Amino acid sequence: MLKRVAAALLLATAMPALAQAPATAPASQPTAPATPPKLIVAISVDQFSADLFSEYRQYYVGGLKRLTSEGAVFPRGYQSHAATETCPGHSTILTGSRPSRTGIIANNWIDLSTPRADKTVYCAEDESQPGSDSDHYVASPLHLKVPTLGGRMKAANPATRVVSVAGKDRAAIMMGGATADQIWWLGGPQGYVSYKGVATPPLVAKVNQAMAQRLAEANPGFELPAQCVAKDFPVKAGNRTVGTGRFARDAGDYQAFRISPEQDAMTLAFAAAAIETMDLGKQAQSDIISIGLSATDYVGHTYGTEGTESCIQVARLDQELGAFFDRLDKDGIDYVVVLTADHGGHDLPERHRMNAMPMESRVDTGLRPKALNATVAQKVGMPGRTLIWGDGPSGDLYFDKGLSAAERARVETATLALLRAHPQVAAVFTKAQIAATPAPTGRPENWSLIEEARASFYPARSGDLLLLLKPNVMAIPEQAVMGSVATHGSPWDMDRRVPILFWRKGMRPFEQPLGIETVDIMPSLAALIGLPVPQNEIDGRCLDLIAGDGDSCAAR
């Protein structure tokens with residue numbers, strides 16, 4: 001107990017330094033250890049697209065510099081499925097499986113058979129809990145249908161410790177899995193929380209106390225790095241003006257804290273303290289911690305991906321990661337790192353139009369499910385009825401289960417005709433079309449749209465139709481530009497492509513520009529620790545992380 005409290009106190013006093021001090025990358029060793037790493041550190045940077053990674057790569061000086069100059073770099077990683085959202089993306093990283101196997105087809109889906117009034121189901125909830133709805137839910141790993149790497153490690157050796165911390169509950173839950181020892185996420189101004197009924201241990205109480213102290217202090221903002229100066233101009237989107245922010249924050253402003261580099265600094269400090277307190281990586285077995293860094297996504301939605309805000313966020317992320325790795329080095333842990341993202345992102349159309357892309361647009365409000373339903377209901381002679389359900393102007397659409405076979409056929413025909421004629425729609429696939437498509441194989445950059453759709457398809461949850469917008473269409477209508485100015489979720493490369501980076505002290509660095517999938521991460525890590533994973537249970541393949549002679553997948 002004294003050791004845990006001491007680690008927590010160290011966290012509280014070290015927090016400002018972690019947030020501000022740049023880090024220098026340690027020198028590589030001649031050879032990587034032949035023994036399994038004692039600790040796996042799996043990091044997901046929410047909405048860290050391959051484009052964003054590459055744009056600032058030459059400016060990295062901290063943790064991202066270490067990973068790119070001393071590790072295995074796969075700049076063309078893919079969240080290969082069509083539904084490029086947070087929950088599906090995180091479900092692929094440590095399961096080795098696509099959403100078609102994990103069951104996590106989106107952040108939200110529609111279940112018309114659920115007895116509660118709210119038919120929308122959140123990916124990380126237990127909708128059977130009394131009084132819950134998709135906005136006020138009870139967090140749960142119930143919907144994840146496959147084990148994570150941590151779950152497999154614990155099944156093979158119960159002594160394994162599995163910890164997951166993140167800025168979002170769906171990130172922590174989808175990477176930690178159902179059997180994790182500790183799962184914590186940022187639950188609001190009160191700090192980090194876990195499942196209903198889980199007691200708050202001393203370490204987490206200390207973390208939350210440190211966060212409260214930090215939140216109580218104003219933040220004057222961050223200096224503008226030289227690489228961000230050219231991006232410093234205002235852009236108007238609806239009633240919002242973005243592009244020139246520095247993350248200045250009034251004392252006590254939690255929302256501003258959450259949408260800033262401060263959030264990731266806190267999550268990394270929590271992760272470092274958890275590693276120290278639990279002695280992760282210091283026992284006979286290998287342990288695993290997953291870390292979901294959510295600030296880049298909040299920044300991308302709120303300000304876009306090409307202004308000063310995103311530029312500062314990436315620079316701070318690089319520095320925070322460097323400080324985190326330096327802290328692990330001082331503990332003498334033999335650890336391996338993988339860093340990737342749950343999806344990419346796309347900048348707001350207003351800035352694109354200012355920057356030589358006049359074809360960029362926002363989605364027609366007529367494609368919103370309610371508006372689409374009203375149009376179709378009028379066409380088929382059933383005005384006033386709810387025939388079509390959906391969660392947004394793209395993605396899965398569901399037909400009312402009370403329709404007769406003849407009515408359903410009329411509704412489907414009318415909906416398909418309307419959508420396929422719309423100038424902003426790239427494709428609409430029926431459930432039968434997707435189900436009849438074989439699971440995709442080969443490099444993910446060569447897949448067709450329907451193959452991407454098949455990778456996202458889980459029959460019990462997927463819709464009757466799948467609507468995919470064209471690549472230059474932002475799925476936020478003009479009238480909706482209030483909180484979020486930009487989003488993701490499309491089947492196009494700006495949302496599918498993410499970096500995948502591996503690092504272990506002493507490994508020989510290399511770069512592979514050809515496409516791989518995030519589902520390849522889990523079997524690659526499993527091979528490093530000698531954990532057998534039956535190939536028929538996953539979609540990914542093991543990546544050989546030894547440059548030159550040798551094969552890290554040989555044991556597998």
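This is a predicted model: local features need pLDDT of at least 70, side-chain atom pairs count only at pLDDT 80 or more; totals for chains, interfaces and linings use all residues.
The accessible area of the protein comes to about 20700 Å², and carbon and sulfur atoms account for 54% of it.

Now colour the charges. There are 53 positive and 58 negative ones in the protein. How far apart are the mean positions of the positive and negative charges? The answer is 2 Å.

Next, hide the surface and show a cartoon of the whole chain. You'll be looking at 19 helices and 20 strands. The radius of gyration is 23 Å, close to the 24 Å that the globule rule gives for 556 residues, so the protein is as compact as a globular protein of that length. Turn the model along its principal axes, and the C-alpha atoms fill a box of roughly 70 × 50 × 50 Å.

Time to go inside. Of the 556 residues, 60% are buried. If you draw contacts between residues at least 6 apart in sequence, 73% of them join residues at least 24 apart.

In soluble globular proteins, nonpolar side chains tend to be buried together. To see that here, select Val-41, Ile-43, Phe-48, Ile-291 and Phe-324: these have the most contacts inside the largest nonpolar core, which has 58 residues.

Stay with Phe-48 and show what it touches. Setting aside neighbours within four places in sequence, Phe-48 is in contact with Phe-53, Tyr-60, Leu-64, Val-314, Leu-339, Ala-341, His-343, Val-498 and Pro-499. Then jump to a second, separate core, this one of 52 residues. Good handles for it include Met-175, Ile-183, Ile-516 and Leu-543.

Two backbone stops are left.

Select Gln-47 first. Where does Gln-47 sit? Look in the loop between strand S1 (39–45) and helix H2 (50–55). Phi of Gln-47 is near 65 degrees, a positive value. Is Gln-47 buried or exposed? Its relative accessibility is 2%, so Gln-47 counts as buried, the cut-off being under 20%.

Finish at Phe-247, in the loop between strand S9 (240–242) and helix H9 (254–258). Phe-247 isn't a glycine, yet its phi is positive, at about 70 degrees. With a relative accessibility of 8%, Phe-247 counts as buried too.

How values were computed. Residues are numbered from 1 along each chain as its sequence is written. Side-chain values use heavy atoms; hydrogens and water are left out. A nonpolar core is a set of buried Ala, Val, Leu, Ile, Met, Phe, Trp, Tyr and Cys residues joined through side-chain atoms within 4.5 Å. Buried means under 20% relative accessible area, exposed over 50%, partly exposed in between (1.4 Å probe, protein chains only). Contact means heavy atoms within 4.5 Å. Helices (H or I, at least four residues) and strands (E, at least two) are DSSP runs, numbered from the N terminus. The radius of gyration is taken over C-alpha atoms; the globule rule is 2.2 Å times the number of residues to the power 0.38. Accessible areas come from the Shrake-Rupley method with a 1.4 Å probe; for residues, only the protein chains shown count as cover. Lys and Arg count as positive and Asp and Glu as negative; His and the chain ends are not counted. The place of a charge is taken as NZ of Lys, CZ of Arg, CG of Asp or CD of Glu.
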